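Please open the structure in your viewer and keep the selection tool at hand. The stops below tell you what to select next and what you will find there.

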Amino acid sequence: MKRKPLLLGIISLLATATIHAQEFRLQPTPQNYTVQQDDSISIPRQYRLMAGNSLNNGTALPLLRSLMPEEAPDAAFRIYIGTKGDKVVSSYRKRIPQKSEGYFLKIEKDRIIIAGADERGTYYGVQTLAQLLTLDKLPLAEVADYPDVPYRGVVEGFYGTPWSPEDRIRQLDFYGRNKMNVYLYGPKDDPYHSTPHWRKPYPAQEAERLKQLVDRARDNNVIFYWAIHPGQDIRWNEEDRELLLQKFESMYQLGVRGFAVFFDDISGEGTKADKQAELLNYIDNHFVQVKKDVAPLVMCPTEYNKSWTKVEGGYLTTLGEKLNKDIQI
């Protein structure tokens, strides 16, 4: 998955349609993709599934079954799928890239092997198979792939009318198909993300809409980050600190497992780097690390543009010296 790093904005990728093999391109481009020229098989009508136990609660198997629904215990064609610790793919363990979210995919005349370095890698292997299934026939191919950067996705953090729930659903499905793994929710005009209501829980109807997005992100193996933007009116006291943690807990109960704090586009008391670091470290120590199943905390600094910030000895130096090392900037 050769990509340039991306934090802000939307990227456009070529959609894959049913086309002739000689015109076919996997998107995104895998690290290694080899095909036996002029040799292919018909897409199997039935198959026997040999799945590893590591996938029982993940998204790779549901996706595979949606693509190829005709399972049959006595079928001659087999699909072996699992992560590197599963016995069903142990023969291919050395072929799996030793990289996070990597996978190995092989199509033979009587079988398909999908073996991931982890569950998300296996899911990406199935997504690659989904693209190959758009061809008239399956090529006898091998794919070994892994991402070049850990975060690949989009921040919805702009001003003005936020995306609609339907827009976001389409975005999340697009991310899954194209092996993007993160979406940060932080539209500036959401009043419960920013001033004036960041301290308050979402009303029930809006909370349910967010939960639907969180569930859809999970289905697409995307980490749904919910961001808060408290800096314009935050008070550096225990009351506001606890209200922020309560807001994060309410989002956790909706299924959110990624959290961010944005300090961009503010003025006044909220811009103090030492106070920001103190708050973020408290959140990291008393919420993120306690939960165990939460992704690393992300923050957007007030001074996020090098052209108008003093790097040495200023705001960014304070963050670099005082923030917990696992907090992502």
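**Around Tyr192**

Begin by selecting Tyr192, which, leaving aside residues up to four places away in sequence, touches His197, Trp198, Lys200, Pro201, Tyr202, Pro203, Glu206, Trp226 and Lys247. Keep in mind throughout the tour that this is a predicted model. Tyr192 sits in the loop between S8 and H4, and it counts as buried because its relative accessibility is 14%, where buried means under 20%. If you then select Ser307 as well, you will have two residues that are 115 residues apart in sequence and 31 Å apart in space, C-alpha to C-alpha.

Stay in the loop between S8 and H4 and pick Pro196, which is found there too; the peptide bond leading from Thr195 to Pro196 is cis, with omega near 20°.

**Along helix H4**

Next, select residues 204–219, which form helix H4; its 16 residues reach 23 Å from the first C-alpha to the last, close to the 22 Å expected at 1.5 Å a residue. Which residues of H4 are buried? Colour Ala207, Leu210, Leu213, Val214 and Ala217, which are the buried ones, and look down the axis of H4: they fall within an arc of 115°, so they line one face of the helix. In an α-helix there are 3.6 residues a turn, so residues three or four places apart point the same way. The buried residues of H4 pack against helix H3 (165–177), strand S8 (182–185), strand S9 (223–228) and helix H5 (238–253), whereas Ala204 and Gln205, on the other side of H4, are exposed. After H4 comes Asn221, which has a positive phi, near 55°.

**Where H5 meets H6**

Now show H5 together with helix H6 (residues 273–291), and you will see two axes that come within 11 Å and cross at roughly 35°, in a right-handed crossing. On the H5 side the contact includes Leu244, Leu245 and Phe248, and on the H6 side it includes Leu279, Ile283 and Phe287. The residues of this contact divide into eight nonpolar, no polar and four charged.

Select Asp38 in strand S1, which is not a glycine and yet has a positive phi of about 60°; Asp38 is exposed, with a relative accessible area of 82%. Asp265, in the loop between strand S10 (258–262) and H6, also has a positive phi, of about 55°, but Asp265 counts as partly exposed at 37% relative accessibility.

Finish at Pro28, in the segment before strand S1 (32–41), where the peptide bond from Gln27 to Pro28 is cis, with omega near -5°.

Note on methods
Residues numbered from 1 in each chain as written. Predicted model: local features only at pLDDT ≥ 70, side-chain atom pairs only at ≥ 80, totals over all residues. Heavy atoms only, no water. Helix = DSSP H or I, 4+ residues; strand = E, 2+ residues; numbered from the N terminus. Expected span 1.5 Å × (residues − 1). Buried < 20%, exposed > 50% of the residue type's maximum accessible area, 1.4 Å probe, protein only. Arc of directions from axis to C-beta. Contact = heavy atoms within 4.5 Å. Axes fitted to C-alpha atoms, helices over the stretch in contact; angles between N-to-C directions. Left-handed = near helix turned anticlockwise from the far one by under 90°. Nonpolar A, V, L, I, M, F, W, Y, C, P; charged D, E, K, R; others polar.
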